[in-house]
Amino acid sequence: MTAWGVVAAVVGVGCTVYVIFRDRGDESTAQGQIQDLKAQVREGANGALSVVTSGLSGCLDELDSLLPLTAAKRAQGLPGVQATAVSELLRILEARHDGGRVTLFVLNEERTSADPEVKKGRRDTSRPFKEGTARGDAALTFMLEGQGGICNDVDREPWDGWQGTRSRYRAFMSTPVTEGERVYGLLTYDLPQVDELSDADLDVLEAFATFIGVACHYALGRA
């Protein structure tokens, strides 16, 4: 596991425990779990991990501010939390790569399409994924059944159903946004150059996807 993967694991375990207490209706313990998780993330804020942990810590602060609110107000605040997470993720990856773009695709309740709700980085327009097209069916299947992965050259190693769909990018990595068995969408990062993405990059993408999945869970629910 890479160093960034250790941070991802801390976030994943901490958020899982938090989810258990929130679902049991134990608000005080759940909020305490978020405080503990923030402390653990901040303790890792040294050396190469500092940029990752500081970004996650800021996102956890924003989620923490939503917890005392009503369900309706949490839902209203969710887009802001998502935008903060996407911005922090791009900031981290920009230190390693040039010209990247982060996109959060949000799955609809019918699971028939996923729209690009938040995009940061390169100005190219992201297209939605729609059921009934090769591109859309491949992406929707990946969201519902897949695991995070990297494509370092879309010409040399294209993913099924993704051929010919790029908009000025040559490589990408993607991971589903989930919480337990609930699926909320897809988080992606793409680049105009090949052979730069690594397991460390994927680890940090998955850490932020874990955070976004937990935030969605308490703002939206969904079976």
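This is a predicted model: local features need pLDDT of at least 70, side-chain atom pairs count only at pLDDT 80 or more; totals for chains, interfaces and linings use all residues.
Helices here are DSSP runs of at least four residues, numbered from the N terminus.

Helix 3 (50–66), helix 4 (71–94) and helix 6 (199–220) each supply at least two residues of its lining, with helix 6 giving the most, three residues.

Next, the cysteines. Cysteine 151 has 0% relative accessibility and cysteine 216 has 3%; because the cut-off for buried is under 20%, both count as buried. The number of disulfides in the model is zero.

Now for the aromatic rings, where the count comes to four pairs. One of them joins phenylalanine 142 and tryptophan 159 in a tilted arrangement, at 5.4 Å centre to centre and 45° between the planes. This pair links distant parts of the chain, 17 residues apart: phenylalanine 142 sits in helix 5 (residues 134–145), and tryptophan 159 in the loop between strand 4 (149–151) and strand 5 (171–179). Phenylalanine 142 counts as buried because its relative accessibility is 12%. Tyrosine 169 and phenylalanine 172 make an edge-to-face pair, with 6.0 Å between centres and 85° between planes. Both tyrosine 169 and phenylalanine 172 are buried. Together, Phe142, Trp159, Tyr169 and Phe172 form one aromatic cluster.

Definitions and conventions:
Residues are numbered from 1 along each chain as its sequence is written. Side-chain values use heavy atoms; hydrogens and water are left out. A disulfide is a pair of cysteine sulfur atoms within 2.5 Å. Buried means under 20% relative accessible area, exposed over 50%, partly exposed in between (1.4 Å probe, protein chains only). Rings of Phe, Tyr and Trp (its six-membered ring) pair if their centres lie within 6.5 Å; planes under 30 degrees apart count as stacked, over 60 as edge-to-face and the rest as tilted.
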